[in-house]
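Subject: Structure for your review

Dear colleague,

Please find below the structure that I am handing over to you.

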Amino acid sequence: MAQCVRSTLTPSRTQQSLFTRTLSAKTQAFASVSFLRTLPEFKRYPKQCSVVMSCEGKAQSQQQLSLDDLVTSNRKGEVLGTIKDSLSNCLSDTNLLETVPGLKSRIKGKVRDIYDAGDFLVLITTDRLSAFDRNLASIPFKGQVLNETSLWWFNNTQHITPNAIVSSPDRNVVIAKKCSVFPIEFVVRGYVTGSTDTSLWTVYKKGVRNYCGNELSDGLVKNQKLPANILTPTTKAEDHDVPISPTEIVEGGFMTQAEFDEASMKALSLFEFGQRVAKEHGLILVDTKYEFGKSSDGSILLIDEIHTPDSSRYWLAGSYEERFQKGLEPENVDKEFLRLWFKENCNPYEDEVLPAAPAELVTELAWRYIFLYETITGSRIDILPTQEPIHDRISRNTSQALSSLPQL
């Protein structure tokens with residue numbers, strides 16, 4: 001999750017208003033890990049896998065994953081109490097400027113807080129849940145799960161693209177070298193679905209047939225698989241991401257043609273790889289987003305999170321086809337059900353004050369994040385309950401890590 005400095009690219013005058021916020025507020029990248037506790041050693045994912053490990057620790061084929069694994073598994077019973085006990089000990093905000101020497105400034109993103117540490121950036125993945133361009137709730141262990149999920153994927157996608165991590169001294173923290181960020185999110189989609197204003201289904205049902213440079217045929221229905229994966233880039237606008245075509249990206253000066261072509265190829269390759277890994281674990285990777293930056297030597301690096309339940313949509317593969325044929329929503333393992341709850345109970349884009357997310361839904365979402373991590377990685381995540389405030393732990397571990405890093 002190597003967070004990066006503001007992009008040096010200059011948008012055209014007509015598009016400049018789209019980028020009035022700090023562009024680096026959302027970017028990261030990963031490589032090797034150095035947690036203070038022991039983590040499983042991550043090795044490159046094999047090209048072919050016929051058997052995976054369930055969160056029960058048993059070998060299972062992709063067809064065996066069902067809603068029962070998500071709803072009634074023994075593992076859920078093991079972690080549910082810890083999740084409920086942690087509802088009041090979430091990491092909703094940070095202020096390391098007061099607790100960690102040497103930090104110069106903070107940028108608060110939707111989920112991550114980014115601190116300038118000279119030649120490095122410190123990225124804190126919080127428990128904030130973001131959707132509809134605002135924070136909806138704080139989910140126990142969410143930041144930790146996002147951090148460790150991304151670490152697993154980044155370590156297993158280095159054959160596709162490099163990343164820029166320096167270390168991860170805490171389960172919520174990444175330290176990275178600085179780089180320049182492209183002000184574009186590379187959203188890749190394999191299905192016609194979604195509930196937000198920029199989702200493919202939302203714009204398609206309004207009659208849009210050319211979206212971000214992609215020609216869409218008539219007659220598609222919600223949750224249908226596309227004939228081929230498509231790229232639907234968005235800008236990083238101040239309050240709301242804005243769809244943009246490849247031609248507009250290049251003509252607007254956000255990226256050169258060569259930069260866009262390379263990043264696009266990497267995004268589509270990462271998504272195809274992620275789909276295959278997900279399928280082998282009984283899941284469908286429906287859509288996701290990637291962000292890229294440029295290192296000091298000109299290399300294009302993958303930054304920000306990758307294939308997490310925050311940045312990606314996952315469905316259960318075994319029941320998808322039957323439910324699609326019946327016109328039912330797919331069984332999902334991401335935050336979509338909480339998005340839908342807010343859409344049903346308020347106007348999340350316009351209401352000044354939103355209702356509090358029900359505790360049972362917050363608890364269920366925390367479990368789904370854990371379930372997804374453990375299903376894909378085959379490893380149990382360490383969520384030991386603690387009385388120590390998370391902010392105190394992060395401050396201590398980050399301070400120790402920074403003191404051992406030489407300035408470049």
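**Helix packing**

Helix H2 passes helix H9 in a right-handed crossing. Please bear in mind throughout that this is a predicted model. Two packed helices are described by the angle between their axes and the distance between the axes. For H2 (residues 74-85) and H9 (residues 359-377), the axes come within 10 Å and cross at roughly 130°. Angles over 145 degrees count as roughly antiparallel and 65 to 115 as roughly perpendicular, with the remaining range between them counted as oblique; H2 and H9 are therefore oblique to each other.

Which residues of the two helices meet? On the H2 side they are Arg75, Lys76, Val79, Leu80, Ile83 and Lys84, and on the H9 side Thr363, Glu364, Ala366, Trp367, Ile370 and Glu374. By class, this contact of H2 with H9 has 6 nonpolar, 1 polar and 5 charged residues.

H9 also packs with helix H8 (residues 336-345), at an angle of about 155° and with the axes 10 Å apart. H8 and H9 are therefore roughly antiparallel to each other. Here Phe337, Leu338 and Trp341 of H8 meet Leu361, Glu364, Leu365 and Arg368 of H9. The residues of this contact divide into 5 nonpolar, no polar and 2 charged. Glu364 is listed in the contact with H2 and also in the contact with H8.

**The sheet around strand E4**

An open sheet is formed by 5 strands in the order E3-E4-E5-E9-E8, with antiparallel pairing. Its edge strands are E3 and E8 (165-170), each of which pairs on one side only. From one strand to the next, the twist averages 20°. Helix H10 (residues 390-403) packs on this sheet and touches E4, E5, E8 and E9 (173-177). The direction of H10 makes about 140° with that of E8.

Is strand E4 (residues 112-117) mostly covered or mostly open? It is mostly covered, as 6 of its 6 residues are buried. Arg112, Ile114 and Asp116 point one way from E4, while Asp113, Tyr115 and Ala117 point the other way.

On one side, E4 runs antiparallel to E3 (residues 105-108), and 4 bridges join the two strands. Within this pair, Lys108 stands opposite Asp113, and the bridge partner of Ser105 is Asp116. E3 and E4 form a hairpin with 3 residues between them.

E4 also pairs with E5 (residues 120-125), in the antiparallel sense and over 6 bridges. Ala117 stands opposite Phe120 of E5. The hairpin of E4 and E5 has 2 residues between the strands, and Gly118 takes a positive phi near 80° there.

**A further hairpin**

Strands E6 (residues 128-131) and E7 (residues 134-138) pair in the antiparallel sense over 4 bridges. Ala131 stands opposite Arg134 of E7. These strands form a hairpin with 2 residues between them, and Phe132 in the turn has a positive phi of about 55°.

**A buried loop residue**

Asn223 lies in the loop between strand E13 (214-215) and strand E14 (224-231). Why does Asn223 count as buried? Its relative accessible area is 3%, and buried means under 20%. Leaving aside neighbours within four places in sequence, Asn223 is in contact with Tyr191, Val192, Thr193, Trp315, Tyr320, Phe324, Leu328, Glu329 and Pro330.

Yours sincerely

Note on methods: Residues are numbered from 1 along each chain as its sequence is written. This is a predicted model: local features need pLDDT of at least 70, side-chain atom pairs count only at pLDDT 80 or more; totals for chains, interfaces and linings use all residues. Side-chain values use heavy atoms; hydrogens and water are left out. Buried means under 20% relative accessible area, exposed over 50%, partly exposed in between (1.4 Å probe, protein chains only). Two strands pair if DSSP finds at least two bridges between them. Axes are lines fitted to C-alpha atoms, for helices over the stretch in contact, and angles run from 0 to 180 degrees between N-to-C directions. Angles under 35 degrees count as roughly parallel, over 145 as roughly antiparallel, 65 to 115 as roughly perpendicular and the rest as oblique. A crossing is left-handed if the near helix is turned anticlockwise from the far one by less than a right angle, and right-handed if clockwise. Contact means heavy atoms within 4.5 Å. Ala, Val, Leu, Ile, Met, Phe, Trp, Tyr, Cys and Pro count as nonpolar, Asp, Glu, Lys and Arg as charged, and the others, Gly among them, as polar.
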